[in-house]
Amino acid sequence: MALRRQGDYWYGETPTDVWEYFVWWTRNSCEPVKHWRQAVCECGSGVFELLMSAEEGFHERTCVECGAVHQMLREGARPRKSPEDAGPAVCICNHDEFEIVGVTAPFQGDLHSAKWFYLGLRCIHCGCLGCYDDWIPRYLDYKLYLAML
Ligand SMILES: [Zn+2]
Ligand SMILES: [Zn+2]
């Protein structure tokens, strides 16, 4: 496993390490994480800049390869105007290009559900990773939810 800790921060080499981080992080929880998926652009790239507002539940990724923009984890086809307090996700190393990993934890007794969602980002420059947002979607099917990543 390539996940490692340095001071207050965690580092990894691949999206799998982000998943491992959440497994570790929720290991003593009564609702541990069970499923995850990496965000991949239609062009095949997995590296994005992310504009987000945790307050407004707004998360818009832009592919650094082809420039495609996608508002994540949102039902409804129409793009939403970005909220005024939206800002770019920035790593402690000041870079802003990330791999994006969505992680869910189910309701107890219903393995296919997604009660919790965690937004994991891994900086492709220094490898620093962590949870940048979390919320409670209360979705019945984790696959459908993660498909919107
Ligand atoms: Zn792309
Ligand atoms: Zn970094």
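**Fold, strand pairing and nonpolar core of the predicted chain**

The chain comprises two helices and 10 strands, where helices (H or I, at least four residues) and strands (E, at least two) are DSSP runs numbered from the N terminus. The order of elements along the sequence is β-β-α-β-β-β-β-β-β-β-β-α. The radius of gyration is 15 Å, close to the 15 Å that the globule rule gives for 149 residues, so the chain is as compact as a globular protein of that length; the radius is taken over C-alpha atoms, and the rule is 2.2 Å times the number of residues to the power 0.38. Along the principal axes, the C-alpha atoms fill a box of roughly 40 × 40 × 30 Å.

The model is predicted: local features need pLDDT of at least 70, side-chain atom pairs count only at pLDDT 80 or more, and totals for chains, interfaces and linings use all residues. Residues are numbered from 1 along each chain as its sequence is written, while chains are lettered from A and ligands numbered from 1 in the order in which they are written.

Of the 149 residues, 32% count as buried. A residue is buried if 20 or more other C-beta atoms, placed from the backbone, lie within 10 Å of its own, exposed if 12 or fewer do, and partly exposed in between. Among contacts with a separation of 6 or more, 57% are between residues 24 or more positions apart; a contact requires C-beta atoms, placed from the backbone, to lie within 7 Å.

Strand S9 (residues 116-123) is mostly covered, with eight of its eight residues buried. Trp116, Tyr118, Gly120 and Arg122 lie on one side, and Phe117, Leu119, Leu121 and Cys123 on the other. S9 runs antiparallel to strand S8 (residues 98-105), to which eight bridges join it, and antiparallel to strand S10 (residues 128-135), with six bridges; strands pair if DSSP finds at least two bridges between them. Phe117 stands opposite Thr104 and has Trp135 as its bridge partner in S10. S9 and S10 form a hairpin with four residues between them, and Gly127 in the turn has a positive phi of about 85°.

Six bridges join S4 to S5 in the antiparallel sense, with Leu50 opposite Arg61. Four residues separate the two strands in their hairpin, where Gly57 takes a positive phi near 65°.

The largest nonpolar core has 32 residues; Phe22, Leu50, Phe98, Ile100, Val103, Tyr118 and Leu121 have the most contacts inside it. Such a core is a set of buried Ala, Val, Leu, Ile, Met, Phe, Trp, Tyr and Cys residues joined through C-beta atoms within 7 Å. Beyond four places in sequence, Tyr118 touches Phe22, Val33, Val103, Cys131 and Asp134.

Trp19, in helix H1 (residues 15-25), is buried, with 22 other C-beta atoms within 10 Å. Leaving aside neighbours within four places in sequence, Trp19 is in contact with Trp36, Val101 and Val103. Trp19 and Tyr118 are 99 residues apart in sequence and 10 Å apart in space, C-alpha to C-alpha.

Note on methods. Two residues are in contact if their C-beta atoms, placed from the backbone, lie within 7 Å.
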